[in-house]
Amino acid sequence: MNHRGRLTSDDMRRLKPLHFDVPEGTTQVHVQFDYTPLHPAGHQHRHQLSLMVFDPDGPRLGISRPGKEGAYINAVRPSPGGVPAPIKPGIWTVFVLVYRLLTPSEPVDYTLQITTTSDEISAEPVVWQPGAVRSRGPGWYRGDLHAHSIHSDGSMTIAELVRFWREREVDFMTLSDHDTISGLAEVRSLAADDLLTLGGMEISTFLGHAVAVGVEEWFDWRTADGRQIPVPEIAQAVIDGGALFTIAHPRDEGEPWCCGCRWLHEDMMPGNALAVEIWNGVWAERNEEALRLFYSWLNRGHRIVATSGTDLHRRSQMEGPGRTALNVVFAEDLTEKAIVAAVKAGRSYLSSGPELGFTATSASGVTAMVGDRLPLEPATVEVCYDAVEAGQLLRLIVDGMPYAETPVHDVSGQLRWPLSKPARWCTVELRHPDEGLFAVTNPIWFEGEA
Ligand SMILES: [Zn+2]
Ligand SMILES: [Zn+2]
């Protein structure tokens, strides 16, 4: 197939399928995509165009960053983004997707060349065995829930990404490439006693991104006839499969800078989402807005939890200024299932380094930790902290409003606040007055009759 086309910013949010025929006996499909200009005049950033290929059964290859040599799909060793499986003859589908086209007056011309070959593939299939992680039992585990590799638009191989996290001595990390699961077998194979590797994917629709963590299968948001599947349906399928469905970076800049980077799914505010990523990359105003959005959802009665994600694409991202956060999770064990279950239950806080222990004891003597529920009655809230810095302050948030604030003078210590009136939920933030957030807990809930 040889196809030429012209794209403008009007093509953002468009899902127009192009079909091609794959004959019987085909062993490899090659997709070559080129476009010009790469950069709009006067801009240092590239236009961002992606491709998605479906075979007759479903999604098969996601290309987030088209390369010079194009991409191969075969049974043995496809290009990153592609899933190895025999080539099924029949009608295949390809989508050209516009995520960023910065100059409406200057269109982009592209060529799409798809060739099929029937030569025998000589490479040996790579078989990935899941890595084993020794059981450590219940405890606090620190890790990341959102990162990319060369299987989408990241610059690190999976081995490099795993090494990156190993060097930082976290307990768990996640691979969540855009719209593909092609790296999951490899990333899970690299788990060992010192590092659990979780499998995820970032479902990257034109109206928002969601990170599904703990997935085994590919949850695509498109059908081969060019329909967008309603996101609540995708979320439910992810959740029914036992995975975590997280709304990612909900308050990022959207179009035209990045079609899909801002969460605009009106039918999912937050709908059946289990979590929202309120700390994406380094702490910034967009995260502050996401935190406020999270609190407003809690006030409307949604039992959603907060997560952080480095959204790591390249090493240099973590070497510049600014604070990223890890999820500090109280899990039954260091396994993928237990980490996902604990995050879902809200048994976690997000931190750039400091440690926060947050508990509450109700007037009737019941004690709760983050994610737990207490009877709706007056309570005493307690925070144990460590590795904080002078100048920071601890703030108790009750039903979305600052309730109490105490400057911290020592590196570690504990604080107690009485909650004289019954509340619905409370969280604790560690902040610096000028520099923003350093840590925030998930809520402790109160329920029942006042
Ligand atoms: Zn994203
Ligand atoms: Zn991402």
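Modeller: D399 is found in the loop between β22 (393–398) and β23 (401–407). Strands, and likewise helices, are DSSP runs numbered from the N terminus: a strand is a run of E of at least two residues, and a helix is a run of H or I of at least four. The model is a predicted one, in which local features need pLDDT of at least 70 and side-chain atom pairs count only at pLDDT 80 or more, while totals for chains, interfaces and linings use all residues. Residues are numbered from 1 along each chain as its sequence is written, and chains are lettered from A and ligands numbered from 1 in the order in which they are written.

D399 is not a glycine, yet its phi is positive, at about 50°. With 15 other C-beta atoms within 10 Å, D399 counts as partly exposed. The scale is as follows: a residue is buried if 20 or more other C-beta atoms lie within 10 Å of its own, exposed if 12 or fewer, and partly exposed in between, with C-beta atoms placed from the backbone.

D311 is placed in the loop between β15 and β16 (326–331), and because 25 other C-beta atoms lie within 10 Å, it is buried.

Strands are said to pair if DSSP finds at least two bridges between them. In this pairing, G309 of β15 is the bridge partner of N280. Strand β14 (residues 275–280) has six of its six residues buried, so the rest of the structure largely encloses it. Strand β13 (residues 244–247) is also parallel to β14, with two bridges between them, and T246 stands opposite A275.

The loop between β13 and β14 holds E253. Since 11 other C-beta atoms lie within 10 Å of E253, this residue is exposed. Leaving aside residues up to four places away in sequence, E253 touches C258, C261 and R262; such a contact requires C-beta atoms, placed from the backbone, to lie within 7 Å.

A nonpolar core is a set of buried Ala, Val, Leu, Ile, Met, Phe, Trp, Tyr and Cys residues joined through C-beta atoms within 7 Å. In soluble globular proteins, nonpolar side chains tend to be buried together. The largest core here has 93 residues, and those with the most contacts inside it include A212, L244, A275 and V276. Helix α4 (residues 285–299) supplies the largest share, five residues. Both domain 2 (139–351) and domain 3 (355–447) give residues to this core, so it lies between them; the domain bounds come from an automatic or database assignment. Among the residues that A212 touches, not counting those up to four places away in sequence, are L244 and F245. A second, separate core of 25 residues includes L51, V98, V108 and A224.

Helix α1 (residues 158–167) has I158, L161, V162 and W165 buried. These residues cover an arc of only 95° around the axis, which puts them on the same side of α1; the arc is that of the directions from the helix axis to the C-beta atoms. An α-helix has 3.6 residues a turn, so residues three or four places apart point the same way. The buried residues of α1 pack against β10 (172–178), α2 (184–189) and β11 (196–205). E169, with a positive phi near 55°, follows the helix.

Taken as a whole, the protein has five helices and 27 strands. Its radius of gyration, taken over C-alpha atoms, is 23 Å, close to the 22 Å that the globule rule gives for 450 residues, so the protein is as compact as a globular protein of that length; the rule is 2.2 Å times the number of residues to the power 0.38. Buried residues account for 44% of the 450 residues.

Methods
Two residues are in contact if their C-beta atoms, placed from the backbone, lie within 7 Å.
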